[in-house]
There are 4 protein chains.
Amino acid sequence: MDVSVIGATGYTGVELVRLLNQHNRINLNILTSNSFVGEKIADIYPNLKGEVKHLCEELDIDKISQSSDIVFTALPHGVSMKYVPELLNKGVKVIDLSGDYRYDDVDTYEKWYREHNSPELVDGSSYGLVELFRDDLKGANLIANPGCYPTVSLLSLAPVVKENLIKEDSIIIDAKSGATGAGRKLSLGTHFCEVNNNFKAYKVFNHRHQSEIAEKAGLLGDTKVDLTFTPHLLPVNRGILATIYVDLKQEISQAELKELYQKHYQDDRFVRILAGDNLPELKNVVGSNFCDIAVKVEGKRAIIVGVIDNLIKGSAGQAIQNMNLLAGFDETEGLTDVGLYL
Amino acid sequence: MDVSVIGATGYTGVELVRLLNQHNRINLNILTSNSFVGEKIADIYPNLKGEVKHLCEELDIDKISQSSDIVFTALPHGVSMKYVPELLNKGVKVIDLSGDYRYDDVDTYEKWYREHNSPELVDGSSYGLVELFRDDLKGANLIANPGCYPTVSLLSLAPVVKENLIKEDSIIIDAKSGATGAGRKLSLGTHFCEVNNNFKAYKVFNHRHQSEIAEKAGLLGDTKVDLTFTPHLLPVNRGILATIYVDLKQEISQAELKELYQKHYQDDRFVRILAGDNLPELKNVVGSNFCDIAVKVEGKRAIIVGVIDNLIKGSAGQAIQNMNLLAGFDETEGLTDVGLYL
Amino acid sequence: MDVSVIGATGYTGVELVRLLNQHNRINLNILTSNSFVGEKIADIYPNLKGEVKHLCEELDIDKISQSSDIVFTALPHGVSMKYVPELLNKGVKVIDLSGDYRYDDVDTYEKWYREHNSPELVDGSSYGLVELFRDDLKGANLIANPGCYPTVSLLSLAPVVKENLIKEDSIIIDAKSGATGAGRKLSLGTHFCEVNNNFKAYKVFNHRHQSEIAEKAGLLGDTKVDLTFTPHLLPVNRGILATIYVDLKQEISQAELKELYQKHYQDDRFVRILAGDNLPELKNVVGSNFCDIAVKVEGKRAIIVGVIDNLIKGSAGQAIQNMNLLAGFDETEGLTDVGLYL
Amino acid sequence: MDVSVIGATGYTGVELVRLLNQHNRINLNILTSNSFVGEKIADIYPNLKGEVKHLCEELDIDKISQSSDIVFTALPHGVSMKYVPELLNKGVKVIDLSGDYRYDDVDTYEKWYREHNSPELVDGSSYGLVELFRDDLKGANLIANPGCYPTVSLLSLAPVVKENLIKEDSIIIDAKSGATGAGRKLSLGTHFCEVNNNFKAYKVFNHRHQSEIAEKAGLLGDTKVDLTFTPHLLPVNRGILATIYVDLKQEISQAELKELYQKHYQDDRFVRILAGDNLPELKNVVGSNFCDIAVKVEGKRAIIVGVIDNLIKGSAGQAIQNMNLLAGFDETEGLTDVGLYL
């Protein structure tokens with residue numbers, strides 16, 4: 001099984017490289033980069049020194065298609081769609097980590113992102129949130145890997161939405177992310193001295209992922225879901241924690257709700273419903289593909305807290321989970337490291 | 001004007017000492033400490049070396065009363081009330097930084113804290129959230145300095161609660177605090193390696209400050225306020241940011257709401273309503289007595305974001321603001337340093 | 001191959017558990033703990049939830065000896081030696097992560113630590129710094145796993161000491177460590193608010209590891225080595241960087257010195273000599289068993305900079321590298337993950 | 001006394017603004033900025049909101065000269081010298097925070113920086129390390145404010161160099177700085193995710209400040225000083241700690257050496273020689289103009305540890321200390337706040 005990565009030198013790309021390097025059942029073939037053609041990736045990311053010998057290559061669609069069974073496109077939104085149609089035409093399977101093929105509704109995409117150049121492919125793509133849409137993924141040719149905030153939000157919401165337990169317009173997602181979510185591109189907002197010791201909300205009522213979460217949550221239940229989503233920037237590198245507030249249609253005990261969650265995810269190794277009074281913490285999942293969830297109930301309000309490593313379950317790890325599905329490997333292959341904790 | 005600090009070697013106590021040392025109109029007289037009697041406070045907190053010469057003394061109520069016009073009690077909940085009644089009896093004015101005299105309703109206090117030993121004083125105490133209760137404070141003998149979470153929450157909520165603009169059961173306060181809020185006492189939860197790189201919610205549906213916020217918000221408006229309050233622990237030393245979600249009774253534009261806030265706080269130097277799309281950030285207030293607030297509206301949901309330095313506006317700075325009122329000084333005396341930003 | 005861990009719930013112990021859980025060729029058998037007998041280790045370290053099912057047991061030397069081929073003792077100094085002699089008597093091989101069996105010279109141990117209860121075993125122990133003492137380790141019964149500071153210091157110094165290139169009394173090691181080096185035990189010095197944003201030197205001229213480095217460096221060369229060692233505390237969890245200053249006996253070019261280092265470590269996968277002007281950084285090794293080293297020369301002064309993850313190459317990872325040697329596995333088995341970088 | 005700041009929107013410039021805003025004896029007049037002409041400085045640095053009303057102006061030498069008694073130039077190296085000569089011609093006193101006028105030896109400047117356009121002024125400038133060169137400063141027209149690393153290094157070295165106690169070629173300065181030292185300019189090396197959790201040495205044997213320290217240390221003693229200087233980047237915003245190793249010509253006890261330091265700085269409020277076994281820590285000086293120093297001796301080696309806030313004593317605070325001297329104010333005016341500690 002030959003796999004390649006287009007856009008290997010961004011934070012998401014190199015996380016794919018790091019994880020694929022630990023994967024025992026694939027051959028990591030071509031790495032492309034726009035900025036570092038001809039350089040060893042281990043010179044750009046010296047953690048890889050001695051272990052990953054690849055040079056960064058210029059993107060050559062013919063070459064990469066001929067020499068890859070699966071290609072990951074770890075490109076900015078709007079750039080992926082320049083290459084994905086051709087890759088699919090050449091018969092290669094694509095796992096796209098951008099937002100370009102995540103939406104069922106092209107209008108929503110175009111409202112939040114930009115004009116789409118291949119809306120006909122949107123229908124053919126599968127949304128790669130494995131635990132929730134596994135059946136759609138196995139034979140897919142194009143998997144749209146979910147956004148980081150949507151991953152943790154949807155995994156946290158799915159059981160109550162599917163069971164129709166909550167008022168659809170009551171969902172509030174207060175999410176907090178580490179700075180790797182903003183990538184390697186320089187900006188004052190990710191300058192060390194501006195993020196360190198700091199904390200802030202950003203894009204209040206105005207973040208793209210609100211629309212992705214709403215569309216997919218709508219697919220899980222019967223009705224259109226309306227929600228408020230507020231992202232915040234944490235002074236850490238990795239991890240997202242989402243504190244989600246919902247109003248229950250009817251009272252349900254905390255124990256019952258927890259049991260519902262446990263049952264829903266009982267076959268999903270990467271989703272862990274916490275027992276007792278335990279609450280999720282970044283440090284339990286950072287470095288791993290796990291999503292930890294706790295539920296709390298008081299009266300008719302429930303609070304669901306979910307946490308992931310945004311670069312793994314929220315991005316590269318989930319992409320590899322999708323690759324495992326496409327390749328017929330065990331879904332957890334190469335992804336079973338637990339969080340670093342410290 | 002002689003002032004003294006009982007409990008000067010906790011994080012709140014030493015912040016009082018640091019700020020009082022910069023105050024030009026008082027004489028810092030006695031510092032007491034339980035753990036460090038006879039030691040120079042500058043040996044325990046070497047930032048004070050050369051500038052604050054005081055020894056830590058054992059608490060002697062007679063001595064401190066005779067030599068102080070105002071006494072700050074920076075003691076744990078339940079300990080303050082052992083000393084406050086006697087201090088008042090001796091004719092000294094007291095600013096108490098614990099929770100012991102914050103509640104109007106002793107039952108609520110006793111539910112969340114412990115049995116009260118001087119419930120008769122609860123009535124006589126004034127809640128020292130200056131911008132909201134200034135008129136009650138000027139002649140007070142006992143001021144209960146507000147909790148850190150309540151300070152930022154109530155300042156952020158007051159205009160909409162007073163104007164009766166929101167559904168009283170719709171308030172959700174998602175608050176995030178730095179670790180100094182937990183004080184100097186050792187615990188695994190504040191061990192460096194456990195907090196660094198980490199983030200978590202704690203005491204979901206179960207934090208004492210929920211009841212303090214609810215009681216005081218109720219005083220601002222016409223009706224009982226019900227609210228959900230979720231605290232989180234940030235990997236920073238100082239600062240609290242609260243993201244507050246409310247449902248509006250009627251639609252009101254963002255501009256109108258902002259104007260309402262600006263008008264409400266137009267005479268309060270320490271409360272700054274942000275203009276344009278600006279959002280509060282910890283780094284703009286850390287090191288200062290300011291509270292920055294922004295309001296956002298979409299449809300019938302409003303989001304109010306407030307931020308303070310928990311050790312200053314949320315504790316020692318506000319206590320000095322109260323002292324300034326009691327002493328007849330300019331309310332801002334000694335408190336006008338802006339945030340460090342970096 | 002059955003392995004067990006005595007003292008599994010300290011930071012070093014749980015790092016052993018995390019890494020052994022990823023190791024494909026051993027069975028992780030018994031975990032003991034003093035403080036958490038009967039509890040699931042995954043309840044204490046929730047990163048392990050679902051993946052490590054072990055309960056923490058009380059230490060039973062008979063039971064652990066019968067059911068283990070190799071036992072790791074991850075205990076405080078002075079505690080290890082209470083159990084190691086008996087374990088050896090029962091025929092089990094021991095890898096001890098404390099300082100108790102690291103010294104050849106019992107007097108030095110006793111000067112820096114405490115009275116030794118089994119000095120006769122000191123001779124029989126092997127110092128487990130694999131790259132430097134590999135030949136002594138393969139048949140060992142008792143391996144003393146090196147200290148974290150000594151690991152990075154000795155790997156950085158070995159080539160110049162062995163080749164007799166430096167003045168023996170010129171070595172200055174200025175080392176900076178993350179806070180996990182101080183373990184899970186609570187103290188004001190590792191309280192979050194005291195370490196965050198802070199940096200300090202500690203135990204100047206007075207840290208135990210000075211004597212361990214000096215003794216072992218002396219074994220590498222011909223003569224007694226005298227050195228100055230200054231540790232500092234970094235506001236990070238993991239990682240040690242040592243900046244080492246030495247005076248060269250004779251001028252040697254930077255290129256020649258680098259070549260000497262490359263040759264010395266050419267067969268050691270975990271030691272990487274950096275090329276060109278590259279300098280070591282914590283983030284390239286944190287999460288991995290690698291040690292990165294750079295050498296710089298100006299005139300007759302050389303600076304050698306080395307970096308490791310103190311919990312992996314400086315402790316648990318190196319212990320597993322030793323286990324691999326004892327078991328006849330490939331030395332790198334289970335240890336080839338690269339650093340997380342972010 | 002009217003003062004103005006040229007280059008007010010860099011990290012050094014805005015720190016000047018913050019501190020000058022707290023200074024009771026000057027009028028802060030004009031702020032210039034290259035990038036933000038016409039904007040309120042409080043919109044760029046919202047910590048200043050409500051307190052500093054100034055707009056950023058384009059630089060107009062005539063205007064600024066006419067309306068200022070003293071001008072601070074907080075500009076990059078090479079840019080300052082474009083404006084300083086003209087400012088001096090117009091009769092204004094200048095405190096320059098760049099490296100352009102720090103050197104006595106123009107050749108050294110040109111070797112490490114660039115061609116100098118006004119070498120004739122180099123002679124007329126005074127090196128503004130107040131505690132060491134106070135007498136040269138009082139009547140100066142042009143004060144070159146020292147570099148941050150040189151400030152802490154020279155204050156730490158001065159007593160032993162002046163007294164001729166150390167071997168001149170034995171000095172090793174291992175210095176560690178927070179990221180504000182690199183300023184507000186974006187670069188991958190100061191991107192949040194690259195600095196957080198990380199630590200590294202940089203510019204080994206090759207940092208400009210080595211030459212500044214060497215030249216000025218040479219002025220303190222009798223002979224040319226040779227030294228090794230290694231800077232490192234700490235994952236904090238503020239603070240520099242320097243660990244300095246020197247070889248003593250003759251043995252001297254730790255007590256004697258400490259007494260020498262205490263005597264040397266007995267009249268300098270901002271330099272604190274630590275007592276007993278205390279060692280400097282960033283948190284004791286961050287937010288203040290203090291420099292804390294400890295000395296340790298073993299045999300003929302001494303270790304001197306010094307610490308400052310790089311933006312205050314290492315830059316803006318020291319510049320204001322120089323302003324106070326020029327203006328005939330008390331040298332400590334506006335600079336007596338102690339460190340924040342937390």
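This is a predicted model: local features need pLDDT of at least 70, side-chain atom pairs count only at pLDDT 80 or more; totals for chains, interfaces and linings use all residues.
Visitor: What makes the relation of chain D to chain C that of a two-fold axis?

Guide: Chain D is laid on chain C by a turn of 180° with a shift of 0.0 Å along the axis, and the RMSD is 0.0 Å. That is the relation of a two-fold axis.

Visitor: Which rotation superposes chain B on chain A?

Guide: A rotation of 180°, with 0.0 Å of shift along its axis, superposes chain B on chain A at an RMSD of 0.0 Å.

Visitor: Why is it said that chain B and chain A meet through the same surface?

Guide: Of the interface residues of chain B, 100% are also interface residues in chain A, so the copies meet through the same surface. For chain D and chain C the figure is likewise 100%, and therefore the conclusion holds there as well.

Visitor: What secondary structure does chain A have, and why is chain A called as compact as a globular protein of its length?

Guide: Chain A comprises 13 helices and 14 strands. The globule rule gives 20 Å for 342 residues, and the radius of gyration of chain A is 19 Å, close to that value; therefore chain A is as compact as a globular protein of that length. Its C-alpha atoms fill a box of roughly 60 × 45 × 40 Å along the principal axes.

Visitor: How many of the residues of chain A count as buried?

Guide: With buried taken as under 20% relative accessible area, 67% of the 342 residues of chain A qualify.

Notes
Residues are numbered from 1 along each chain as its sequence is written. Chains are lettered from A and ligands numbered from 1 in the order in which they are written. Side-chain values use heavy atoms; hydrogens and water are left out. Copies are superposed by least squares on the C-alpha atoms of residues with pLDDT of at least 70 in both. Contact means heavy atoms within 4.5 Å. Helices (H or I, at least four residues) and strands (E, at least two) are DSSP runs, numbered from the N terminus. The radius of gyration is taken over C-alpha atoms; the globule rule is 2.2 Å times the number of residues to the power 0.38. Buried means under 20% relative accessible area, exposed over 50%, partly exposed in between (1.4 Å probe, protein chains only).
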